[in-house]
Amino acid sequence: MNEGQTVRLRLDHLTKIFPQRGGKGNVVAVDDVTLDIYSGEFITLLGPSGCGKTTTLRLIAGFELPNQGQILLEGQDITHQPPNKRDMALVFQNYALFPHLTVYRNVAYGLETRGLPARTIRERVGEVLALVGLEGLEDRRPNQLSGGQQQRVALARCLVMQPRILLFDEPLSNLDAKLRVQMRSEIHALQRRLHITSIYVTHDQTEAMALSDRIVVMNGGRIEQVGSPPEIYRCPSTRFVADFIGRANFLPIELTARQGETAAFHLLGQSLRAPLPASGAENLVAMLRPEALMLRDDPDLPQVQIIQTMYLGSEVEYVVQHEDQRLIVVEHDPRNRRIFAEGERAGVTFVPEAVHLLGDGA
Amino acid sequence: MQNFALQRQVNQFRRIFQDPVLAIALLGVSLFVFILILLPLFSVIGESLSPKNAPLFQRYLTEPIYQNIILNTLVLGVLTAAVSTAVGFLFAFVQVKLDVPFKRLMHILALIPIISPPFAVATAIIVLFGRNGVITRGVFGVRFDIYGLFGLTLALSLSLFTVAYLTLRGMMQALDPALDEAATNLGAGKWRVFRTVTLPMLLPGIASAFLLVFVEAIADLGNPLVLGGNFEVLATRIYISIIGLYDTSSAAVFSLILLVPSLLVFILQNYIISRSNVVSVTGKPSGTPQYIHAPLVRWTLFGLCMAICLLIALIYGTIVLGAFVEVLGVNNNFTLRHFDFVLNGLGSKAMWDTTRLSIISTPVAGLLGMLIAFLVVRKEFFGRAALDFATMLGIAVPGTIIGIGFLLVFNTPTVWELPFFGPVTVLPKLTGGQAMFGGALAIVIVYVIRSVPTALRAGVAALTQIDPAIEEASVSLGADNARTFRRITLPLIRPALLASLIFAFARSMTTISAIVFLTTPQTRIMTQQILNEVENVRYGNAFAYCVILILIVLTAIGVLYLGVGSTTGAERAFQGGAR
C-alpha cells in the first residue's frame, strides 16, 4: 500500500543513549532505528514501557537529540533543529494544557506565537473548536473541564497549527475505559477526514490496532516489526510480537520436509504446509491465536483436559492442558455450543489457515 | 562509551546556543554570578591568604584575645540557633498541632521580624531591660547589664526564630497525617506517636533550621554593634578593622576565619535538606491533621507561645511608642520631633535613597531568581549545580565579607590594556569616593545578590511542582524559550515571584552588614543612619526611622500584592500545590 506514496519523515539509523541514573554506564533507549513515515498515514509506535517508543517520539519532536543518525522531514535534515522550529505538534499524555489560560487562549497560543492577525486566529480557533465539539466552552479554564474535554482541547491546540506531522504521546492513557474507546473513535474519524500524517505512541495494542495504518512494534530500543494491523496480528515475525499483540499459543511441530519457502509438518494430528519464517530459523514452532483453536466432543481428536472455564458473554475462554503444555482457547458466540466444565476432557482442533510458523528462539 | 558523555555535553550546548535569548540569559547569569558574587569572594580569600598576612593568621588563631572573639562568635551562634529553633518549633507546633485561639495573631507576630530593621529589637531591648531600662530599673529598680551574650542571644533569637518557624511549619504541614493515623491505629498514644513518628520525621527540618539560624547569627553585625558591649564577635571585629582602622588586611583575615564555619555549616545544611525529601514524598497531605487535645500539653504550650508573643508585642510597642515621645522612660512627653527629623530633616535623604534603591533592586532580584531557577530546573548544561550553589553564596557568605569583597574588587576600576583598542575599563569603580552613581550602583548590586538566593529557592520549589510537559507543549507549538518563560512559566510561578519580591524589598530595606562599607556621602542608607542614631543614643530618631521603614515595607507589600497578584489563574488545578 505504500508504493508510490511520498515519504514525509525519515528516521535514519537513530540511536539515543542516556547515562544511567546515579551510576556509571549508559542505557541505549533507541537502538539504530530506521523508519519511513509516509504522507497522510497514521503510524503507531507500540511496545512495552521502556521499549524506546516515547524516546523515539521525543527525538522526532526535537526534545531530545540523537547520539547517532538523522531525522529528515521531507528530505530536509532536521536532526538538530530546535523543537519550536519543527512543523509538528505534540499531544501530551497529561494534556499539558496551560492551566492559567482559557480554552480559547490555549488553542490560540500557537497561532499567536506565529504572529498571525487576530482575525485569522479567531476564525481558525473557531473552526477547530467546532471540529472537536468544544463550541461554547471558549472561556473555560482547563480545570473546569472534564477529562475528555481536556483531551479535546489538547487535540484542538495541535490541529489548529495544521502541522506537517501530528505527534501523540499516549494521549488516552489518562482517560477511563469508556471514554478511552470513545476518544479513540473520534481521533480515528478526525484523522481519516483530515489526512494529517500522525505518529502515535501507545502501549495499548487494541488502541494501536484500532487507529493505525501501520504499526511499529518496538522492544529494547529496536524495531521488531513494521506492518499493517492484520499483518502484525496474523503473521508476527517474532515470538515477542506474537506475544505482545494479542495472545498466542506456541505449539511444537514435527517437521517432515522443507521445500523452498514452505514447510510440511504434523501438528495436533494433522499434516499441513505453511510458509517458512523469513529469518530462516532451524527450530520451528507453530503459533496459533486462541480463537484459531476449537474444542469438540470428539474422542478421535487429540485430547485435552479443561483446567479453567471463564464465561465472558460474547465468548468463552478456556485454559486447557495438552500433554505438558497449557493452551488458551477462545470460543466466540458460545450460545449454540456446549460449554465444557472444569475437569472435563475434550478433543482439540484448529483452523489450518491460521497456523503461522516462527523460529523457536526468536 | 566515553565519547557519548562528551557528545551529550556538546548536544546540550548546541541546544542552548540555538536559542540566542537562552544563550544570552545563561551568559548573563553566569557573568552576574562570576563577577558580582565569586570575584569579590575570591578577592577576600586571596587577600587574606596573601603571604604578608601569614603573621596575622598566626596571631589571630593563637592569642587568647582573638581566640576569645572566635569562641564568642561560635557560642553566640550555637546559643541563638538553639533558642531560635526551640521557639520556632514551639510556634510551628502550636500552629499545626494545637487547636487554640489567637493562632492568626501568633503567626503575624512571628513574621514581623522579616520586615523589621536591624537594631530595632536590640535598641528596644536596651530601652526596656538596660541599665536605665523601663522595666529593669523602672519596675524592678535594678541596674541590669543587658549588654553581652545574654542580651545578644535574646535580640538575635527574637529576630531569627522566624527562619526556624517557617522551615518547621512547612515541614509539619507536609507531614502525611496518614503516618500519625497508622501509628495511632497500631495502638500508640499521642506522646508515643510524637516521639517515635513525628519527631524523627522532623529531625532533618530541625537540624536544617538550627544550621540556617547559626549561619545568620554568626554573620550578624547590627545586634553585636549595639548590644555587644565588651562581647566582641568576628563581624564587629571586621567592621572595626575597616571603619575604625582602615586595615583591609586584618579585615580579610578575620573574614576568612568567619567564612570557614559559615560555608561549612551552609553546605551541611544543604546536604541535610537534600537528603530529607522523604518528608513530603506525596506532596499533599492525604488525611486531616489531628489536633492534640491533652489539656496540660495544650495550655502549657499555648501559654509559652503567648508569653513570647507578649514579649514581641512589648518590643515593637516600645519601638512605636519610643518614636512618639521625647526620651522613653525619661521624658515621656509626646513629640513629632523624631518623625520630623526623618521625614523632613537630615534623615529624609536616607529614607528616599534607600527606598529608591530597594525599588530598583527588587524586580531585578525577583526576576533574576526566577530566571536562574528556570535554568537550573529545566535546562541541562554543564555547571548547573555550580550555578545554583554560587548563587546561594550571596546569602551564605556573611554580609560584611561581601562588603569587603566589593571594596577589594571595585574600589579601583579594572582596566585592561588591549592591543589595538588601548586601555579598556572592564570593571568600573563602584565604591568609595567618585564611585559610579555615587556608590548607588554597588548598593543596588549588593541588595540584588543578597535577595536572589531566596528568590531562587522559591522559584525552584514552584517550578518542581509544574509538569515540564506544559512548557514543552508551548515549545512544541512554536514558542521559543523566552516566550515560553514569559507567557507560561512566569504566570504559573507568580505566587513564588510575589513572595520573592516581597522578601527582596524587605531584605534590601533592612540590610546593614553588606552595605555598611559601601555607603558614601552621596548615598545614604537608612539602616546605617539608624546605627548612627543608636550609637549617639538618639533612640527616638532611631525608633522613628524604624517605624517609617516598617511602614514603607508594608506599603510595598500592599503594592506588590495588587501589582503582581498572588494567584496564577489556575488555582483549582494546582490546589495547594503552588505554595
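I began with strand 1 (residues 7-19) of chain A and found it joined to strand 2 of chain A by 9 bridges, the two running antiparallel. The model is predicted; local features need pLDDT of at least 70, side-chain atom pairs count only at pLDDT 80 or more, and totals for chains, interfaces and linings use all residues. Residues are numbered from 1 along each chain as its sequence is written, while chains are lettered from A and ligands numbered from 1 in the order in which they are written.

I noted the terms. Helices (H or I, at least four residues) and strands (E, at least two) are DSSP runs, numbered from the N terminus. Strands pair if DSSP finds at least two bridges between them.

**First sheet**

I looked up a bridge partner for Val7(A) and found Tyr38(A) in strand 2 of chain A. Helix 1 (residues 53-61) of chain A packs on the sheet and touches strand 1, strand 2 and strand 4 (68-73) of chain A; contact here is C-beta atoms, placed from the backbone, within 7 Å. The direction of helix 1 of chain A makes about 65° with that of strand 2 of chain A. For such angles, axes are lines fitted to C-alpha atoms, for helices over the stretch in contact, and the range is 0 to 180 degrees between N-to-C directions. I read the strand order of this open sheet of 4 strands as 2-1-4-5 (chain A), with antiparallel pairing. Strand 2 (26-38) and strand 5 (76-77) of chain A are the edge strands, each pairing on one side only.

**Helix 4**

I checked helix 4 (residues 147-159) of chain A: its 13 residues reach 18 Å from first C-alpha to last, close to the 18 Å expected at 1.5 Å a residue. The expected span is 1.5 Å times one less than the number of residues. Of the 13 residues of helix 4 of chain A, 10 are buried, so the helix is largely enclosed by the rest of the structure. Buried means 20 or more other C-beta atoms within 10 Å of the residue's own, exposed 12 or fewer, partly exposed in between, with C-beta atoms placed from the backbone. Among the buried ones I listed Arg152(A), Leu155(A) and Cys158(A). The packing partners of the buried residues include helix 2 (103-114), helix 3 (118-131) and helix 5 (177-194) of chain A.

**Domains**

Chain A divides into domain 1 (7-243) and domain 2 (247-359), with bounds from an automatic or database domain assignment. I found their centres, taken over C-alpha atoms, 38 Å apart. The contact takes 7 residues from domain 1 and 6 residues from domain 2 of chain A. Helix 8 (residues 239-244) of chain A gives the largest share of the domain 1 side, 3 residues.

Strand 17 (residues 303-311) and strand 18 (residues 315-322) of chain A run antiparallel, joined by 6 bridges. In their hairpin, with 3 residues between the strands, Gly313(A) takes a positive phi near 90°. I then followed Glu317(A): this residue is the bridge partner of Met310(A) and stands opposite Val330(A) in strand 19 of chain A. Strand 18 and strand 19 (residues 325-332) of chain A pair antiparallel over 8 bridges. The turn of that hairpin has 2 residues between the strands, and Glu323(A) in it has a positive phi of about 50°.

**Chain contact**

Last, I looked up the contact between the chains, which takes 30 residues from chain B and 28 residues from chain A. Helix 1 (2-17), helix 19 (468-476) and helix 20 (481-492) of chain B each give two or more residues to the chain B side.

Technical notes
Contact = placed C-beta atoms within 7 Å.
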